[in-house]
Amino acid sequence: MSGTRVRFAPSPTGPLHIGGLRTALFNYLFARKTGGTFILRIEDTDQTRYVPGAEDYIIESLKWCGINPDEGVGVGGSFEPYRQSERKEIYREYAGRLVDSGDAYFAFDTPEELDSRRKEAEASKSVFTYDAATRMEMRNSLSLSLEETLHLIESGAPYVIRFRFDPGDAVVMQDIIRGEVSVDPATLDDKILFKSDGMPTYHLANVVDDHLMRITHVIRGEEWLPSLPLHVSLYKAFGWKGSMPQFAHLPLILKPNGQGKLSKRDGDKGGFPVFPLEWKDPFSGEISSGYRESGYFPEACLNILALLGWNSGTEQEIFTLEELEQAFDLSRVGKAGAKFDPEKARWFNHQYLQQKPVAELAELYKPILREKGIQASDAFIQQVVEMIRERAHFVSDLWEQSGFFFIAPTSYDPEVVKKRWKEDTAGLMTELIKILEGIDPFDAETIGENVKSEIHDRGWNMGAVMNAWRLLMVGTSMGPSLPDLAAILGREETLDRIRKGIETLK
């Protein structure tokens with residue numbers, strides 16, 4: 001499929017939700033699979049909802065994930081500008097074309113007049129809709145004379161431009177994921193296309209831009225499905241039916257319990273992020289957690305999102321971005337909402353952590369060690385990471401799993417002491433010192449064989465010795481294999497920890 005062109009067109013009204021990031025990913029994957037072009041367009045026509053910093057946040061989020069646009073804001077391309085606020089004169093022209101063709105009209109109703117109609121409808125337990133049934137009762141260029149209309153425009157009266165939906169044949173649409181969708185135009189209201197502030201609404205701007213930028217496929221969230229009849233009708237009104245893009249509306253990402261769309265509140269309640277990067281609200285100062293700052297690898301984040309609503313048809317779960325580019329197919333995107341599983345997300349990050357080269361993980365661990373005032377050789381850090389990485393989901397977990405490698409215990413878990421430290425334990429540990437002093441070479445295999453042999457020959461209880469030894473080495477009952485731990489720490493540090501422990505617990 002040559003010439004495929006798709007766009008990700010977010011609005012800078014706040015941080016990018018992972019649902020939006022998934023939309024960007026699916027567009028990107030489709031472009032790569034088909035040898036097409038992926039475009040980033042910023043749809044900032046709603047100036048009342050514009051949030052400072054949101055656009056930069058969106059761009060940084062895509063960059064962190066490795067979803068790099070071929071054209072668009074920050075990249076450039078043949079269809080600049082890609083920021084809609086810089087294209088408003090274009091939309092004014094096309095809105096005028098629709099008025100000239102009779103597919104749209106000027107509406108001069110004030111907010112107070114519209115509010116009054118809504119209240120009247122509420123009083124009669126109905127809902128006011130600006131449509132074919134009510135438009136002739138309102139102040140617009142269809143109900144007013146040409147002279148009245150021109151006078152209002154020339155006098156600078158505020159107006160909007162509305163699309164004209166008339167009863168008639170059903171609006172029939174095709175969706176790659178959902179099949180044929182049919183809507184009775186009598187159920188549709190006359191949506192605003194151009195606002196009184198001189199800016200278009202999303203509906204007009206996205207259709208005009210998609211046409212001018214030669215978009216072949218519109219892949220977006222399910223929440224835009226109710227707008228599809230208007231968008232398809234706009235293509236027909238402009239005479240662009242033959243070049244209308246194909247549509248694919250992605251399923252929602254649902255709460256962990258499957259009941260409703262995943263929200264920030266769900267993340268706050270469940271202790272997991274719903275944004276790719278940390279976000280600080282410029283108005284309230286509230287900080288929302290992000291996947292990056294929570295310790296997720298970008299590869300894991302993409303892998304998580306790819307499998308929310310799409311499946312490869314195989315048992316494979318771990319995909320590199322390159323593998324996703326090859327495997328992705330819109331026909332394998334489902335209609336049903338995809339339930340977000342925070343534990344599965346942690347599992348994905350664990351898998352990617354295990355795949356990282358030890359040297360890379362050690363470099364990621366170094367800043368944590370520096371914050372704690374710890375200096376150690378690269379070789380030592382790598383040995384530690386290699387030993388404990390299987391128990392970590394995030395780089396931040398490494399300290400909890402390995403802090404005792406760098407700092408000898410100064411206190412001992414009282415519950416473990418009560419359970420493991422008996423009257424004869426100090427004597428056993430003193431004898432263990434003598435055994436360890438005679439082991440050569442002091443490596444994990446030799447230590448393990450010698451200690452086990454001595455315990456057996458002397459008739460000691462294996463659990464009594466090993467659990468007490470672990471307590472003195474670590475301060476708790478947790479930790480890796482004792483021979484491995486002792487070998488990494490070395491003979492001197494191992495014996496020193498045992499002696500200090502005996503003295504403390506006597």
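Which element supplies the largest share of the lining of the second largest pocket? The sections below treat this pocket, then the largest one, and then a sheet.

## Second largest pocket

In this predicted model, the largest share of the lining of the second largest pocket comes from α4, with three residues. The space in this pocket is about 340 Å³. Its lining comprises 17 residues, of which Asp109, Pro111, Leu114, Val160 and Ser196 are the closest to the centre.

Both α4 (111-123) and β5 contribute at least two residues to the lining of the second largest pocket. By class, that lining consists of nine nonpolar, three polar and five charged residues.

## Largest pocket

The volume of the largest pocket is about 1100 Å³. It is lined by 45 residues, and those closest to its centre are Pro10, Ser11, Thr13, Glu223 and Trp224. Two or more lining residues come from each of β1 (5-8), α1 (18-34) and β9 (217-221).

With four residues, α1 provides the largest share of this lining. The lining of the largest pocket divides into 19 nonpolar, 12 polar and 14 charged residues.

## Three-stranded sheet

Three strands form an open sheet in the order β4-β5-β8, and their pairing is antiparallel. Because β4 (104-107) and β8 (192-194) are edge strands with a single partner strand each, one side of each has no neighbour in the sheet. From one strand to the next, the twist averages 45°.

Strands β4 and β5 (residues 160-163) run antiparallel and are joined by four bridges. Tyr105 has Arg162 as its bridge partner in β5.

Technical notes:
Residues numbered from 1 in each chain as written. Predicted model: local features only at pLDDT ≥ 70, side-chain atom pairs only at ≥ 80, totals over all residues. Heavy atoms only, no water. Pairing = 2+ DSSP bridges. Axes fitted to C-alpha atoms, helices over the stretch in contact; angles between N-to-C directions. 1 Å grid on protein atoms, 1.4 Å probe; cavity = no way out; pocket = protein on both sides within 12 Å on 5 of 7 lines; lining within 4 Å. Points joined across faces, edges and corners; volume = space filled by probe spheres on them. Nonpolar A, V, L, I, M, F, W, Y, C, P; charged D, E, K, R; others polar.
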